[in-house]
Amino acid sequence: PQPGSLDVEALAVLNLSPPVTKSTIKNQYKMLVKRYHPDTNGGDKKAEEKLKLINRAYSALIANGTF
């Protein structure tokens, strides 16, 4: 991915930086979902919003087929 690209921004949301593998992305995603899931955080709205960002970033990375 090129610096400043959407892929790089999505990786940053997942606390990753290139180069990464699809497996690395999936593992990091799973860990972050566990950490920020509303059920884990007593319905905390900030955690819920962070989880939405994480989900969008993961979907964008996997859907575009770069990884």
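Of the contacts in the chain between residues at least 6 apart in sequence, 47% join residues at least 24 apart. The model is predicted, and the figures below describe that predicted chain.

**Fold and confidence**

The secondary structure consists of three helices and zero strands, giving the pattern α-α-α when read along the sequence. Mean pLDDT for the chain is 89, and 91% of the residues reach 70 or more. Where pLDDT is low, the predicted coordinates should not be read in detail. Two of the elements mark the ends of the confidence range, as tabulated here.

| Element | Residues | Mean pLDDT |
|---|---|---|
| Helix H1 | 6-13 | 91, the lowest among the elements |
| Helix H2 | 22-36 | 96, the highest among the elements |

**Overall dimensions**

Along the principal axes, the C-alpha atoms fill a box of roughly 35 × 20 × 20 Å.

**Surface and charge**

Of the 67 residues in the chain, 30% are buried. The chain exposes about 4,400 Å², and carbon and sulfur atoms supply 54% of that area. Charged side chains in the chain come to 10 positive and 6 negative. The centres of these two sets lie 6 Å apart.

Methods:
Residues are numbered from 1 along each chain as its sequence is written. This is a predicted model: local features need pLDDT of at least 70, side-chain atom pairs count only at pLDDT 80 or more; totals for chains, interfaces and linings use all residues. Side-chain values use heavy atoms; hydrogens and water are left out. pLDDT is the predictor's confidence in each residue, from 0 to 100. Helices (H or I, at least four residues) and strands (E, at least two) are DSSP runs, numbered from the N terminus. Buried means under 20% relative accessible area, exposed over 50%, partly exposed in between (1.4 Å probe, protein chains only). Contact means heavy atoms within 4.5 Å. Accessible areas come from the Shrake-Rupley method with a 1.4 Å probe; for residues, only the protein chains shown count as cover. Lys and Arg count as positive and Asp and Glu as negative; His and the chain ends are not counted. The place of a charge is taken as NZ of Lys, CZ of Arg, CG of Asp or CD of Glu.
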